[in-house]
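Here's a quick tour for someone meeting this structure for the first time. Take a look, then read on.

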Amino acid sequence: MRKLSVFSDAAFANADDAKLGADVRSQCGNCVVLAAPGLSDGSVASHVLMWESSSAKRVVRSTLAAEAYAASETAEALSWIKALYKEIDTGHFDSDEGRPSHLLTDARSLVDACLLYTSPSPRDS
């Protein structure tokens, strides 16, 4: 079964934006890909369904916040693509939680923060 993979990335305070009166803005981007298992090995054909790169629409105060914002926007894009795919497949527009998907990021600090708040600690047992 093909699965959806989404890639998320951000750059904190790297883009000049004189039009908005701001000195710098963060840049966020994502890419939604449909591929067979083995995408991480680079050995399968894949199809880019959607991609986006733009200035962050919110003010963020750190690299972690920029990466988290980009991941949030990417998760929203994934949800939309899954619902659209479900509508094309079945004629019903709703979420397709059964389709396997991955959200990938290069931000180790974001991964660590997510694991910190989702993994049970030894004192919780």
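## Around the cavity

The residues lining the largest cavity split into four nonpolar, four polar and three charged (Ala, Val, Leu, Ile, Met, Phe, Trp, Tyr, Cys and Pro count as nonpolar, Asp, Glu, Lys and Arg as charged, and the others, Gly among them, as polar). This is a predicted model, where local features need pLDDT of at least 70 and side-chain atom pairs count only at pLDDT 80 or more, while totals for chains, interfaces and linings use all residues. Residues are numbered from 1 along each chain as its sequence is written, and side-chain values use heavy atoms, leaving out hydrogens and water.

The largest cavity has a volume of about 90 Å³. Its lining includes N30, Y69, A70 and E73.

| Element | Residues in the lining |
|---|---|
| β2 (22-35) | at least two |
| β3 (46-55) | at least two |
| α1 | at least two |

Now for N30, which sits in strand β2. Is N30 buried or exposed? N30 is buried, with a relative accessible area of 8% (buried means under 20%, exposed over 50%, partly exposed in between, with a 1.4 Å probe and protein chains only). N30 and T74 are 44 residues apart in sequence, yet 5.8 Å apart in space, C-alpha to C-alpha.

As for helix α1, residues 63-90, it has 28 residues and reaches 40 Å from its first C-alpha to its last. Among the buried residues of α1 are Y69, A70 and T74. After α1 comes G91, with a positive phi near 90°.

Note on methods: Helix = DSSP H or I, 4+ residues; strand = E, 2+ residues; numbered from the N terminus. Expected span 1.5 Å × (residues − 1). 1 Å grid on protein atoms, 1.4 Å probe; cavity = no way out; pocket = protein on both sides within 12 Å on 5 of 7 lines; lining within 4 Å. Points joined across faces, edges and corners; volume = space filled by probe spheres on them.
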